[in-house]
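Colleague: I would like to learn how to read a structure step by step. Could we go through one together?

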Amino acid sequence: MAEMRTDIEIAQSCGMLPVTEIAEAAGIGEQYLEQYGKYKAKVDYRILRETGREDGKLVLVTAINPTPAGEGKTTTTVGLADSLRRIGKNVMVALREPSLGPVFGIKGGAAGGGYAQVVPMEDINLHFTGDFHAVGAANNLLAAMIDNHIYQGNALGIDPRKITWKRCVDMNDRQLRSVIDGLGGRTNGVPREDGYDITVASEIMAVLCLSGDIADLKRRLAKIVIGYTYGKPSEQKPVTAGDLHAEGAMAALLRDALKPNLVQTLEHTPAFVHGGPFANIAHGCNSVTATRIALRLSDYTITEAGFGADLGAEKFIDIKCRMAGLKPSCVVIVATARALKYNGGVPKAETGAENLEALKEGIPNLLRHISNIKNVFGLPCVVAINRFPQDTEAELSLIREECRRLGVSVALSEVWAKGSEGGEELAREVVRLCGGEEGGLKFAYELDRPIKEKINDIVTRVYGGSGTAFTAEAEKQIAQLTDLGYGGLPVCMAKTQYSLTDDPKVLGAPTDFTVTVRSVRVSAGAGFLVALTGDIMTMPGLPKSPAAERIDVDEDGRITGLF
């Protein structure tokens with residue numbers, strides 16, 4: 001039975017088709033395909049200019065706030081795509097690439113699960129086609145050019161104390177959050193405080209995911225602000241990667257990474273897996289290019305945004321949709337009875353037992369996300385209950401009843417155990433919603449509002465808080481960014497994924513809370529401001545018992561422990 005096999009055993013037991021067959025089925029001509037072995041390929045984005053087909057429907061998959069009990073958003077996304085194909089629809093799925101940080105940290109692999117996976121899952125979870133390495137190389141090339149410029153005389157007058165650009169590595173390594181480099185004498189550079197971000201938090205990753213072609217990529221890279229010049233705050237000027245003439249070399253490193261990666265699901269549905277910004281510290285969506293190609297080639301494109309709807313879906317709409325002119329036809333909100341009971345105060349070990357009272361206490365978290373999608377963003381939605389064997393009919397009925405009060409339908413999803421067969425109910429509801437009368441997409445804030453008001457709009461309208469507190473440092477940064485002309489950019493909130501608040505321990509759907517913004521910085525190349533809240537880190541650390549301790553490879557090259 002499916003329940004008795006691990007995800008990796010299921011993936012290894014299912015046959016894959018050559019990627020050339022997947023491309024042919026998707027309508028991707030040979031001239032656009034660059035193969036990376038037998039089962040992976042990159043697709044040239046020129047296909048967008050040379051294919052006249054009308055765009056299909058865009059379906060966004062999001063979720064409640066994540067918990068240790070699990071939600072299964074990627075599994076549901078992949079399974080929904082397979083289920084739509086099962087009922088005769090032309091469909092593609094567009095996902096992000098997993099980061100090595102979570103793979104070797106807490107989460108393990110991120111390619112779906114059970115009979116709803118993208119494959120080859122080992123490749124996707126590890127080095128894949130080298131996109132993350134290219135992002136890291138481009139990021140660190142810029143860092144090297146900054147320090148070399150200072151060492152060679154500092155003609156631009158860069159203040160080493162005001163450098164905002166960090167180096168990066170795609171690994172959870174708390175030791176590198178704050179470092180002092182340039183030690184060992186003059187020939188080793190100018191000593192200064194420095195630090196590392198995880199690669200998925202690099203602005204280069206956001207730039208890659210929002211760029212349309214090489215020319216757009218170079219324009220965005222040139223705009224990246226790396227720091228500020230000497231002088232009083234009113235005299236300091238931003239220094240960009242363009243000032244350092246770094247954009248050409250960085251774009252050369254990113255040339256191939258800009259092209260989306262084509263793979264397949266276990267049921268051979270074409271899948272793009274491209275880009276990987278985290279949704280708690282970045283904008284949390286796969287590349288605009290991958291999404292656009294999928295929309296051009298299919299009638300239904302299924303994509304996901306990271307973590308809960310307060311983070312991933314908000315940024316998908318307020319940043320990605322706004323910039324790229326995209327509009328979802330409907331939204332799927334994934335929840336599990338187990339996770340809702342956890343939100344209701346039940347320890348993870350006890351979430352498998354029926355507990356209707358705890359479920360009632362936890363359901364408001366789901367209802368808040370539903371209300372946001374419907375009322376804040378104006379989009380139709382369906383709740384997908386990712387069913388576990390222990391879920392009781394009484395629990396499922398309670399979730400359905402509460403959702404119906406908000407006028408939202410509920411569909412069971414059993415794609416982990418049954419593949420596409422287990423998602424037919426959800427697929428048919430998605431088709432129904434996509435065929436209905438389209439409402440007008442709304443945003444959580446208007447771009448022309450002051451920076452503080454945009455942040456406060458997100459906190460009060462999306463999170464349900466009563467207001468926002470700004471540290472003195474954040475106030476100073478906001479004033480400077482406004483004076484420099486960056487006030488009209490959208491806001492990317494860096495916040496804990498575990499709570500609607502900035503405190504990961506506060507579960508459910510709290511009200512009357514304040515979110516503290518400690519820092520605001522500009523990602524001018526990506527085209528947004530980043531507001532760091534609470535204790536959020538841009539370089540995670542490994543847990544006490546990291547997943548890396550359980551990952552291995554045997555003499556035949558078979559990898560174990562990725563899930």
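Modeller: We start with the whole chain and then turn to single residues. Keep in mind that this is a predicted model.

Colleague: How many helices and strands are in the protein chain?

Modeller: The protein chain has 19 helices and 25 strands.

Colleague: What radius of gyration does the protein chain have, and what would a compact globule have?

Modeller: A compact globule of 563 residues would have a radius of gyration near 24 Å, and the protein chain has 23 Å, so the two agree. Along the principal axes, the C-alpha atoms fill a box of roughly 70 × 55 × 50 Å.

Colleague: What share of the residues counts as buried?

Modeller: Of the 563 residues, 59% count as buried. The protein chain exposes about 21,600 Å², and carbon and sulfur atoms supply 49% of that area.

Colleague: How do I read contacts along the sequence?

Modeller: Take the contacts between residues at least 6 apart in sequence, and ask what share joins residues at least 24 apart. In the protein chain that share is 75%.

Colleague: How many positive and negative side chains are there?

Modeller: There are 62 positive and 70 negative side chains, and the centres of the two sets lie 3 Å apart.

Colleague: Now single residues. Is Asn-286 buried or exposed?

Modeller: A residue counts as buried when its relative accessible area is under 20%. Asn-286 has 0%, so Asn-286 is buried. Asn-286 sits in the loop between β15 (270-273) and α11 (288-297).

Colleague: Which side chain makes a polar contact with the side chain of Asn-286?

Modeller: That of Thr-303, at 2.9 Å. Beyond its neighbours within four places in sequence, Asn-286 also touches other residues, including Ala-94, Cys-209, His-274 and Lys-320.

Colleague: And where does Asn-386 lie?

Modeller: Asn-386 is in strand β18 (residues 381-386). Its relative accessibility is 7%, so Asn-386 counts as buried. A polar atom of the Asn-386 side chain lies 3.0 Å from the backbone oxygen of Glu-71. Leaving aside neighbours within four places in sequence, the contacts of Asn-386 include Gly-72, Val-334 and Ser-413.

Colleague: Which elements do the buried residues of α17 pack against?

Modeller: First, the residues themselves: in helix α17 (residues 424-434), the buried ones are Leu-426, Ala-427, Glu-429, Val-430, Val-431, Leu-433 and Cys-434. They pack against several elements, among them α4 (73-86), β17 (330-335) and β18. Strand β18 is the one that holds Asn-386.

Colleague: What should I look for in the backbone?

Modeller: Most residues other than glycine have a negative phi, and most peptide bonds are trans. We can look for exceptions to both.

Colleague: Which residues does a cis peptide bond join?

Modeller: Val-119 and Pro-120, with omega at about 5°. Pro-120 is in the loop between β6 (116-119) and α6 (121-125).

Colleague: What is the phi of Phe-307?

Modeller: Phe-307 is not a glycine, yet its phi is positive, at about 55°. Phe-307 lies in the loop between β16 and α12 (309-324). With a relative accessibility of 23%, Phe-307 counts as partly exposed.

Colleague: What is the phi of Asp-512, and where is that residue?

Modeller: Asp-512 has a positive phi of about 55° and is not a glycine either. Asp-512 is in the loop between β21 (491-494) and β22 (514-523). Its relative accessible area is 66%, and Asp-512 is exposed.

Note on methods: Residues numbered from 1 in each chain as written. Predicted model: local features only at pLDDT ≥ 70, side-chain atom pairs only at ≥ 80, totals over all residues. Heavy atoms only, no water. Helix = DSSP H or I, 4+ residues; strand = E, 2+ residues; numbered from the N terminus. Rg over C-alpha atoms; globule rule 2.2 N^0.38 Å. Buried < 20%, exposed > 50% of the residue type's maximum accessible area, 1.4 Å probe, protein only. Contact = heavy atoms within 4.5 Å. Areas by Shrake-Rupley, 256 points an atom, 1.4 Å probe, with all protein chains shown as cover. Lys, Arg positive; Asp, Glu negative; His and termini not counted. Charge placed at Lys NZ, Arg CZ, Asp CG, Glu CD. Polar contact = N/O pair within 3.5 Å; in protein donor to acceptor, adjacent residues only side chain to side chain.
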